Amino acid sequence: MFNGMGGMGNMAGMMKKIQKMQSDMTALQEDLKKRTLDVSVGGGAVAVTVTGKKELASIKIDPAAVDTEDMEMLQDLIVSAVNEGMRQIDEMAEKEMAKITGGMKLPGM
């Protein structure tokens, strides 16, 4: 009826693969938290460093970019740099995770 439990062997093998994938994903998530990414915008006017934990680690502003008559431009550059850094962190995490999952999209990852 069960053909010598062959189906159960496949299930056990699949469970081992899933457990390894979970372990690899956890290790990757910890590794990503330790990474940093540098991003600059406006020809280097604003540079930021963001972490894999999606935290802003540092910001550098070229003094030439500071125009008291146009603070809005500087503010936009800062927002742009931070947003680009976060986008690149997400992209890096997605690429690394795809190596583990074989490109399979998993909810919450």
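Hi everyone, this is a short tour of one protein chain, from its overall layout down to two of its residues.

Before we start, please keep in mind that the model is a predicted one.

Let's begin with the layout. The protein chain contains two helices and three strands. If you walk along the sequence, these elements come in the order α-β-β-β-α.

Now the chain as a whole. There are 109 residues, and 23% of them count as buried. The accessible surface is about 7,900 Å², and carbon and sulfur atoms hold 57% of that area.

Let me pick out Glu72, which you will find in helix H2, the helix running over residues 71-101. Is Glu72 buried or exposed? Its relative accessible area is 56%, and the cut-off for exposed is over 50%, so Glu72 counts as exposed.

My other residue is Thr51, which belongs to strand E2, residues 46-51. Thr51 has a relative accessible area of 12%; buried means under 20%, so Thr51 is buried. What is Thr51 in contact with, once we set aside neighbours within four places in sequence? The partners are Arg35, Thr36, Ala57 and Ile89.

Methods: Residues numbered from 1 in each chain as written. Predicted model: local features only at pLDDT ≥ 70, side-chain atom pairs only at ≥ 80, totals over all residues. Heavy atoms only, no water. Helix = DSSP H or I, 4+ residues; strand = E, 2+ residues; numbered from the N terminus. Buried < 20%, exposed > 50% of the residue type's maximum accessible area, 1.4 Å probe, protein only. Areas by Shrake-Rupley, 256 points an atom, 1.4 Å probe, with all protein chains shown as cover. Contact = heavy atoms within 4.5 Å.
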